[in-house]
Amino acid sequence: MTTIQKQAQSPIAHLTPEDIEQLGKELDAIRAEVIEARGASDAAYIRKLIKTQRSLELGSRIVLLASIFPPAWLVGTAGLSVAKILENMEIGHNVLHGQWDWMRDPKIHSTTWEWDMATPAADWKHSHNELHHTYTNVLGKDNDLGYGIMRVDEEQTWHPMYLGQPLWSFINALFFEYGIAAYDLELGATIKKKKLKDPEFQRRLKGVLSKIRKQATKDYLVHPALSIPTGSFLPTLAANFTANIVRNLWSNSIIMCGHFPEGVETFEKRSIEGETKGEWYLRQMLGAANISGSKAMHLMSGNLSHQIEHHLFPDLPSNRYAEVAPKVRALFDKYGLNYHTAPFPKQLYSAWHKVVRLSLPNGWLAETKVTNAPAQLAKLYKMTTGGPKVRRAIVALDRRAAGERAA
């Protein structure tokens, strides 16, 4: 079981309620210190970043006017991909969190910013800021756990349909912005409840479709059309498509690394009843993972490489996460908690390994060796084709066998 409440050895069993509340006070102090220190250098950072990103995008699109020539296509596509990643990750995501609202600049404010993504900012802020960051990793409350399309915990009953989980997870990564738009719309739940004609859903759907139309017109009509005089319509069209795919794959990978590697904890709904500020902090600490790396890695990830710090302090300027990270890690050590961090390749492998592992019945992947592969495949076939009763019977036999081995 991965929910922390059902683990044989809880990683927080050694903490008293007093410890947890003291931890919360110490984290409050870290946050207050940064709030007090925000100033001109922080404002200069975000303004310079926005100017740089826009210049990079403009320059890349100018180069793509001659994209019929392979060198121009490569340079323009690479530049546009980086520009879209910066706009999405370090600028859009963080501006919409309200990290720069304190500047009182109407051009860089969470209430006025609209980003280069299929999902409208208002819809995303509700599903992400209000729901995900409040109910982080709480099964049945935080729909960011698998976005409603993946099995993310051993306690979720396995069904044969989950065998396709690695495939549709990859497809979702390729077209991530559209997956997020559907998720923010709660499209799956709306279809299930047969409320597609609900006026509120129709209003929000109209907003999403309008946003997608604008984005598609910009990337797949206007800019390719500008390249017609040089014979570069199709290369520019391909460049825009490629840049969007690169941005989608990257943002999906960063999010997977921050939320889904092995060892990131999940929680039961009952665990947040009467939750204190200290307990909320503790859940954020255990429900996220960091990516170690260079300054370039942190920048291109939108500083979500500091996912733990971001979940603790989602409204602090992202350029301050590297500064507070050592202080946060010191608290992990002080209170005997695991600070989950690793390089990008390791975290990404761990996350995708989990996707594959949970697409199969509990324990199947770990139990399967070369020597017993035929028997394991036969068992998987029976569980896939035999119906719920057969699956329950096989699970019961496996548990009985495991108990006998342990004895």
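1. Buried is used here for a residue with under 20% relative accessible area, exposed for one over 50%, and partly exposed for what lies in between. By that criterion, Q165, S169, N172, A173 and L174 are the buried residues of helix α5, which runs over residues 165-174. The cover over these residues includes α6 (176-184), α9 and α14 (344-359). Please keep in mind throughout that this is a predicted model.

2. The largest nonpolar core comprises 29 residues, and those with the most contacts inside it are L23, L27, L312, F313, V328 and L337. Two or more residues are contributed to this core by each of α1 (17-37), α10 (277-286), α12 (307-312) and α13 (321-334), and α13 gives the most, namely six residues.

3. Which residues does L23 contact, once its neighbours within four places in sequence are left aside? They are L282, M285, L331, Y335 and L337, and of the residues named here L337 is also listed with L23 among those with the most contacts inside the largest core.

4. The packing of α1 against α10 deserves a look in the viewer. The axes of these two helices are 8 Å apart and meet at an angle of about 75 degrees, a value that makes α1 roughly perpendicular to α10, because angles of 65 to 115 degrees are counted in that class. On the α1 side the contact is made by I20, E21, L23, G24, L27, D28 and R31, and on the α10 side by K277, G278, E279, Y281, L282 and M285.

5. Helix α10 itself is largely enclosed by the rest of the structure, because eight of its 10 residues are buried. Those residues are G278, W280, Y281, L282, R283, Q284, M285 and L286, and what covers them includes α1, α12 and α13.

6. R31, which has its place in helix α1, is partly exposed, because its relative accessibility is 28%. Not counting residues up to four places away in sequence, R31 touches Y281, F313, D315 and L316. Although R31 and F313 are 282 residues apart along the chain, their C-alpha atoms are separated by 6.9 Å.

7. Does the length of helix α2 match or depart from what its residue count would predict? With 24 residues (40-63) at 1.5 Å a residue, α2 should span 34 Å, and its end C-alpha atoms are 34 Å apart, which agrees. The buried residues of α2 are D42, A43, I46, L49, I50, Q53, E57, S60 and R61, and the elements covering them include α1, α3 (70-96), α8 (199-226), α9 (233-259) and α11 (295-300).

8. I91, found in helix α3, counts as buried because its relative accessibility is 1%. Beyond residues up to four places away in sequence, I91 touches L49, I50, Q53, L86 and W113, and L49, I50 and Q53 are among the buried residues of α2.

9. S232 lies in the loop between α8 and α9, yet it counts as buried, because its relative accessibility is 0%. Residues up to four places away in sequence aside, S232 touches L64, L65, A66, S67, I68 and S227.

10. Two residues other than glycine have a positive phi and could be inspected together. R104, with a phi of about 55 degrees, is found in the loop between α3 and α4 (121-132) and counts as exposed, because its relative accessibility is 71%. N303, with a phi near 60 degrees, is found in the loop between α11 and α12, and N303 is buried, with a relative accessible area of 8%.

Methods:
Residues numbered from 1 in each chain as written. Predicted model: local features only at pLDDT ≥ 70, side-chain atom pairs only at ≥ 80, totals over all residues. Heavy atoms only, no water. Core = buried A, V, L, I, M, F, W, Y, C linked by side-chain atoms within 4.5 Å. Buried < 20%, exposed > 50% of the residue type's maximum accessible area, 1.4 Å probe, protein only. Helix = DSSP H or I, 4+ residues; strand = E, 2+ residues; numbered from the N terminus. Contact = heavy atoms within 4.5 Å. Expected span 1.5 Å × (residues − 1). Axes fitted to C-alpha atoms, helices over the stretch in contact; angles between N-to-C directions. Parallel < 35°, antiparallel > 145°, perpendicular 65-115°, else oblique.
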